[in-house]
Amino acid sequence: MVHEIRDSRVLTAMSHPLRRRLLDVLRLDGPATASGLAAALGSAVGNVSHHLKVLAGAGLVEEAPELARDRRERWWRRPDGALSWSTSDFVGDPVGDAAEAVALDRQASLSRSWLSALETAPAEWRDSWFTNETWARLSPAELASLSSRILALFAEYADREPPDDGIERQPVFLFARGFRAEP
């Protein structure tokens with residue numbers, strides 16, 4: 001299931017760097033409390049609580065009261081499904097440009113972090129990572145088809161329950177872009 005974001009208020013809520021990280025941790029690790037998220041992200045509990053409330057107001061996270069051990073404990077989770085948005089839905093709205101800039105900065109930052117740690121990464125991770133770039137001549141319909149196929153492949157891995165086969169799995173960041181350009 002994919003949640004299409006078309007409301008600029010929702011896009012604004014998810015475009016803050018700490019909120020993106022909160023969404024990512026909740027997606028990868030499941031429900032958590034504000035204090036657990038703060039510890040995982042190295043942030044203040046009050047700051048995390050504020051950002052969780054913003055995300056909840058936008059419908060991007062929800063409380064999970066059934067996980068609380070008492071009335072003071074608040075658990076949060078992401079609703080099922082991936083989040084998707086397109087700058088073409090926000091043409092003329094500076095929110096779309098800002099959100100795209102945050103996303104691109106995040107992708108570049110995570111890539112730089114990986115490359116800076118590559119030398120000390122375990123050999124199996126150094127041998128399995130990839131990067132790719134290529135040029136192709138495509139029509140808009142072909143690019144849309146390629147996009148759908150890539151997103152389906154990503155979803156196949158992102159939405160599955162990891163097999164219970166004793167193999168340790170680590171978080172892996174996947175991203176792809178395809179757009180009209182000139183060499």
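## Core, sheet and salt bridges of a predicted model

Leu-37 is in contact (heavy atoms within 4.5 Å) with Leu-22, Val-25, Leu-26, Ala-32, Val-48 and Leu-52, leaving aside its neighbours within four places in sequence. This is a predicted model, in which local features need pLDDT of at least 70, side-chain atom pairs count only at pLDDT 80 or more, and totals for chains, interfaces and linings use all residues. Residues are numbered from 1 along each chain as its sequence is written, and side-chain values use heavy atoms, with hydrogens and water left out.

**The nonpolar core.** The largest nonpolar core has 25 residues. Leu-22, Leu-37, Leu-52 and Leu-60 touch the most other members. Four helices, α1 (8-14), α2 (17-29), α3 (34-41) and α4 (45-57), each supply at least two residues of this core. The most come from α2, which gives 5 residues. A nonpolar core here is a set of buried Ala, Val, Leu, Ile, Met, Phe, Trp, Tyr and Cys residues joined through side-chain atoms within 4.5 Å. Buried means under 20% relative accessible area, exposed over 50%, and partly exposed in between (1.4 Å probe, protein chains only). Helices (H or I, at least four residues) and strands (E, at least two) are DSSP runs, numbered from the N terminus. In soluble globular proteins, nonpolar side chains tend to be buried together.

**A loop residue.** Ser-15 lies in the loop between α1 and α2. Ser-15 counts as buried because its relative accessibility is 13%. Beyond its neighbours within four places in sequence, Ser-15 is in contact with Ala-99 and Val-102.

**The sheet.** An open sheet of 3 strands runs in the order β2-β4-β3, with antiparallel pairing. Its edge strands, β2 (32-33) and β3 (62-63), each pair on one side only. Strands pair if DSSP finds at least two bridges between them. Between β3 and the antiparallel strand β4 (residues 75-77) there are 2 bridges. Glu-62 has Arg-77 in β4 as its bridge partner.

**Salt bridges.** A salt bridge is a side-chain nitrogen of Lys or Arg within 4 Å of a carboxyl oxygen of Asp or Glu. The count comes to 13 salt bridges.

| Pair | Closest N to O | Relative accessibility |
|---|---|---|
| Arg-180 and Glu-182 | 4.0 Å | Arg-180 74%, Glu-182 65% |

Salt bridges that share partners also join Glu-4, Arg-6 and Asp-89 into one network. In the third, Glu-182 is exposed, and Arg-180 is exposed.

**A surface patch.** Leu-110, Phe-173 and Phe-175 form a nonpolar patch on the surface. Together they have about 250 Å² of accessible area, from the Shrake-Rupley method with a 1.4 Å probe, where for residues only the protein chains shown count as cover. Patches are made of residues with over 30% relative accessible area and no salt bridge; like charges are joined within 9 Å, nonpolar side chains (Val, Leu, Ile, Met, Phe, Trp, Tyr) within 5 Å. Phe-173 is in the segment after α7 (140-158). Its relative accessibility is 35%, so Phe-173 counts as partly exposed.
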